[in-house]
Amino acid sequence: MDANQYPKEVTLTEKKSVCPSTALAYLDPQYWDERFSNEEHYEWFKDYSHFRHLIQPHVKPTSSVLEVGCGNSQLCEELYMDGVAEITCIDLSAVAVMKMQERLLSKGYKEIKVLEADMLDLPFGNECFDVVIEKGTMDVLFVDSGDPWNPQPATVSKVMAMLGGVHRVLKPDGIFISIAFGQPHFRRPLFEAPEYTWSVEWRTFGDGFHYFFYILRKGRKSSNGEGSRQKLPPPVPSMSLLHEELEGEDFIFLTKIDEMDS
Ligand SMILES: C[S@@+](CC[C@H](N)C(=O)[O-])C[C@H]1O[C@@H](n2cnc3c(N)ncnc32)[C@H](O)[C@@H]1O
């Protein structure tokens, strides 16, 4: 791949100007608009090369794919270059959407649609996507969730609005891929709510710290209602992680999402 194909990476000056003083800013739509006005590219967690092997078995060239909360990530381009032609990206930030449209157009990736939309109220008909993908977007909802074992009711209701929408727009055998910091102990009770018919599995990727790659297959929940029989790893107290193990802003993000009393 040609390194000049992408816009410039985020510079140190850009980084300083976009990094918030508190993770609560991630809940503020104005924060994202300002950030995307000043930043060309930032990849939350890891880039596609780190989880390509996990995504590929689930996305075919004929799949219709929805990416939720695309920001200024290159994930949609990478999928496109891997042969997936029918991709729709959404983001709540009008600035992210405008800049993403410009970037894709400048590269000739005209087929990728980019729309301003709220993941809590998805503007799509029922059962229209084969795959829905989110990377770091659902985690934003958890930055003010309080105790991860017992998240605030307001957080739970937003997460349920998001998951309900994703479940609705997926085809009967569709797959939701969630790439997240949130650990299975905390995400499973939400993913496995009785109203959803998907099974729940996960993998991890990353070198030092592990990121979670959840695979939710609609219509595959086992008859006893259990989404997965995978053994849960013990939850990792986030404060014990070394800063060096996490990149960029991942550290402030993580300590808000899975913060536990140690
Ligand atoms: C942590 S960033 C992740 C960006 C991108 N997915 C990545 O991996 O680099 C979260 C993104 O979600 C978007 N976002 C936040 N709330 C949203 C909502 N309710 N609906 C759609 N997008 C939202 C933000 O504008 C931002 O682009």
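**Fold, helix packing and ligand shell**

Phe-45 is found in the loop between α2 and α3 (52-55), where helices (H or I, at least four residues) and strands (E, at least two) are DSSP runs numbered from the N terminus. The model is a predicted one, in which local features need pLDDT of at least 70 and side-chain atom pairs count only at pLDDT 80 or more, while totals for chains, interfaces and linings use all residues. Residues are numbered from 1 along each chain as its sequence is written. The phi angle of Phe-45 is near 60°, a positive value in a residue other than glycine. Phe-45 has 25 C-beta neighbours inside 10 Å and therefore counts as buried (20 or more other C-beta atoms within 10 Å of its own; exposed, 12 or fewer; partly exposed, in between; C-beta atoms placed from the backbone).

The protein chain contains nine helices and seven strands. Of its 262 residues, 38% count as buried. Among the contacts in the chain with a separation of 6 or more, 69% join residues 24 or more positions apart, a contact being two residues whose C-beta atoms, placed from the backbone, lie within 7 Å.

The seven strands form an open sheet of mixed pairing, in the order β3-β2-β1-β4-β5-β7-β6; two strands pair if DSSP finds at least two bridges between them. The edges of the sheet are β3 (113-116) and β6 (199-205), each of which pairs on one side only. On average, neighbouring strands are turned by 20° against each other, direction ignored. Helix α7 (residues 153-169) packs on this sheet and touches β1 (64-68), β4 (129-135) and β5 (170-180), its direction making about 140° with that of β5. Axes are lines fitted to C-alpha atoms, for helices over the stretch in contact, and angles run from 0 to 180 degrees between N-to-C directions. Helix α8 (residues 184-191) lies across β5, β6 and β7 (211-217) and runs at about 20° to β7.

Strand β2 (residues 86-91) is paired with β3 in the parallel sense over four bridges. Within that pair, Val-114 of β3 is the bridge partner of Cys-89. The pairing of β1 with β2 is also in the parallel sense and extends over five bridges, with Glu-86 of β2 as the bridge partner of Ser-64. Five of the six residues of β2 are buried, so this strand is largely enclosed by the rest of the structure.

Helices α2 (residues 29-38) and α5 (residues 94-106) pack at an angle of about 30°, and their axes are 7 Å apart. The two helices are therefore roughly parallel (under 35 degrees; over 145, roughly antiparallel; 65 to 115, roughly perpendicular; the rest oblique). Trp-32, Asp-33, Phe-36 and Ser-37 of α2 make the contact with Ala-94, Val-95, Ala-96 and Lys-99 of α5. By class, this contact comprises five nonpolar, one polar and two charged residues. Ala, Val, Leu, Ile, Met, Phe, Trp, Tyr, Cys and Pro count as nonpolar, Asp, Glu, Lys and Arg as charged, and the others, Gly among them, as polar.

The ligand is surrounded by 19 residues, of which the closest are Trp-32, Gly-69, Gly-71, Ser-73 and Met-119; a residue qualifies if its C-beta atom, placed from the backbone, lies within 6 Å of the molecule. This shell divides into nine nonpolar, six polar and four charged residues. At least two shell residues are supplied by each of β2 and α6 (137-140).

Asp-118 is found in the loop between β3 and β4. Its C-alpha is 8.6 Å from that of Gly-69, although Asp-118 and Gly-69 are 49 residues apart in sequence. With 15 C-beta neighbours inside 10 Å, Asp-118 counts as partly exposed. Glu-127 also lies in the loop between β3 and β4. The phi angle of Glu-127 is near 55°, a positive value in a residue other than glycine, and its 15 C-beta neighbours inside 10 Å place Glu-127 in the partly exposed class.

Leu-170 belongs to strand β5 and counts as buried, with 25 C-beta neighbours inside 10 Å. Residues up to four places away in sequence not counted, Leu-170 touches Glu-127, Phe-129, Val-132, Phe-176 and Lys-218. Leu-170 and Val-132 are separated by 38 residues in sequence and by 7.2 Å in space, C-alpha to C-alpha.
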